[in-house]
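Please read it alongside the sequence and the model.

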Amino acid sequence: METNQANNADLRETHAEALARAEIDRSVRLPVLFFFTNGLLWLLGSSLLAFVASMKLHNPDFLGDAAWLAYGRIHPASSNAFLYGWVFQAGLGAALWIMARLCRAPLTGIGVLLTAGHIWNIAVTIGVAAILLGEGTSFPWLDFPSFLWPVLLLTYAIMAGHLLVLFRARRSEEVFISQYYLLASALWFPWVYLTANLLLHVFPGAGVMGAAVNAWYVGSVLLLWAAPVGLGTAYYLIPKIVGKPIYSYQLALGGFWMLAILGGWSGAQSLKGGPLPAWIPAVSGTATIFLLIPMIAVAINFHRTMKGSHRLVNYSPTLRFAAFGAVAFNLLIVSSALLCLFSLGRVTQFTHVESGVHFIGLYSFFTMILFGAIYFIVPRLVQCEWRSGGWIRFHFWFSAYGSTAVVAMLILAGISQGIDQAKPYEGFRGSVEVSAAYLVGRSLGWVFIFLSNLMFFFHILLMVFRLGRRSGQATMLHDMEKELSAHGVNA
Amino acid sequence: MKPHRYFTLGLVLAFGLPWLVMVVGPHAAMRHLEPIPYGEADFESAFVPENSYFPPGRAGLVAQGYRVYAQEGCAYCHTQVIRPTYAGRDRWREGWTGRGPGWSGEEPPTEVRETMPLDYLGERYAFLGVQRIGPDLANYGWRIKDEATVHRQLYDPRSVHSWSVMPAFQHLYEVRRRDGQGSDEALKLEAKHAPPEGYEVVPGDKAKALVSYLRTLRKDYIRPGSGEPASSAGGEPLPSAVPAPAGAPGGAPPGGAPPAGAPPAGAPPAP
């Protein structure tokens, strides 16, 4: 279906338009592939670190007592490598390609962009190494030593600035919802990152407010960066593959502005009951619960757009990953909202449940949608198709199973931990012991995630070296025409 | 205005408001917290020395230890928060309270008050923490009976609690050849982690700083004007603040006479 749609569209297109699109794809090829492959390397590295960190929590002598392997170093190293290495690079790669396509403008300034990309990667490498060597700050998601943030801010501004340049050079009259989301993420993140670093490194000394700023930063990365980039990408991919416009443009706009208005208030709910003015976590919690409204808007829109085409998830790799991510977005918002309730939050606060929710946001939602985007974009850049539908199925099922296992185990471990820690006049031993078995399960989940991404990395390397299939037909998860005709359906 | 100008303006306004209200405003306000002097009522109702401040200063290698606490990522497993009753039952956990059964084994379990912003006065960044993979450390200072046990726990956690999942921080310690009788500081280790014959394990500078910092972890000082009974502070007198001749701090603290002296002399951690 994907190829048929594309073929029909091609027929209607004039020769000039096809040439213009080829020029656009050529212009973004190098930077987009650079971000994807480097991002995937970081994803592999960070999942390995996360696996070791996970092992340490039920088997503390795993790999010995080396200083750099201690949980307090390897856990922040893995989360920062994952965030700045994979999440930001993959998101920027997809954003650049989608923006160039929708603006119908070729990318300029490739040299500057690639230089910034290289510096970004070097800075992340230094940062992760510094955490492992014991120079981390222990500010969650801002663990890099303080000299690195200006470098990351500047290079991010250059990379995201290219999105704005593309938008200004746009040759199409229409502005799509994906562009709204991508532009918003490009504008908000430098602001968020600058604020958090200024307040924590340049104007420190506010004690508990430092922790609150940090919690707000974590919430903002999730809701004002990962959410808009993930949703913007899904808003591009889903209509493309089902070959229909978005169900309701008004609903899409409403969802976008609701997220924009509410996102910045969220974050500090993780410190409810903490030594802060109580209104700060209360306002954050309220905003988080109200996020259910944009979530419903997005969910209705995706669902109605896919109406009648749901079976395509059996064939299109892109749609399958994107649909998984879109469902996980609902899970992210619903679980975040639930944790704001005191009845539940008093048990789940300061337990593994909260890191489980972050994992839903950055992996089950964001990463899975980005995998879908990579399956869509890369063949268009390298003029060959993915080697094997079976390999893609392997990647999907191992990722889906691994990430779901990690989330489920974190939630179970966290709840059992939280229930035990709510017992008055009791010691700590129980909470360590009740959660241990689930944490073993989480380590297994990381093995699945690592294997799936190893396969994916190998697959994308073949593509980059133009060793994919030479074919005009996109690689599907299953041979669609054969299966449908077997069921008496005309494809 | 062109449509995309409205769009940019919308983005700036939507985000700018929470940015000001939730982040910049409170941060600016909280940087100017000052210690509060105890008043007459406090001297009568509790073991509060005259001319003392809330919170009292912290003595020792606080700044250096705070830095080790950050470098080793302690905050990823330990919180420093006692939540109020509506948000959890932290106030009655064994060992998290000021002097619970973990302290002497004889006293009945006591409760501790919830933490408040002034408890973290002078910290660049309060390590409230992320998760409780290990116990809360808000009042850990009370639980230290002797430093030797803390060092042994840091060096070989499983020798103190077989079920512990804490990393062994052996890199903070030094294994060296024993000289004569050996050092007083040498750790008393059991077979598995004992150094070879003729050697001993002594705390390095970082380990000493870390334990010195941990000793100062106390967030149960009596609140000025609270009329709290002394029991929650364990009945031990508060260390008196050292008056210093510096200029008067700005801003009149609530519920008390204007501060006559300077803030406590304890060095605020500044890594």
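1. Beyond its neighbours within four places in sequence, Trp86(A) is in contact (heavy atoms within 4.5 Å) with Gly39(A), Leu40(A), Trp42(A), Leu43(A), Ala81(A), Gly91(A), Thr367(A), Leu370(A), Phe371(A) and Ile374(A).

2. The model is predicted: local features need pLDDT of at least 70 and side-chain atom pairs pLDDT 80 or more, while totals for chains, interfaces and linings use all residues. Residues are numbered from 1 along each chain as written, chains are lettered from A and ligands numbered from 1 in the order written, and side-chain values use heavy atoms, without hydrogens and water.

3. Trp86(A), Tyr84(A), Tyr217(A) and Leu214(B) have the most contacts inside the largest nonpolar core, which has 223 residues. Such a core is a set of buried Ala, Val, Leu, Ile, Met, Phe, Trp, Tyr and Cys residues joined through side-chain atoms within 4.5 Å; buried means under 20% relative accessible area (1.4 Å probe, protein chains only).

4. Between the chains, 69 residues of chain B are in contact with 85 residues of chain A. Together they bury about 7,000 Å² (accessible area lost on being put together, 1.4 Å probe, summed over both), with 66% of it on carbon and sulfur atoms.

5. The interface of chain B and chain A holds 3 salt bridges, where a side-chain nitrogen of Lys or Arg lies within 4 Å of a carboxyl oxygen of Asp or Glu. Arg67(B) and Glu135(A) form a salt bridge at 3.3 Å, N to O.

Notes. Buried means under 20% relative accessible area, exposed over 50%, partly exposed in between (1.4 Å probe, protein chains only). Buried area is the accessible area (1.4 Å probe) that two parts lose on being put together, summed over both.
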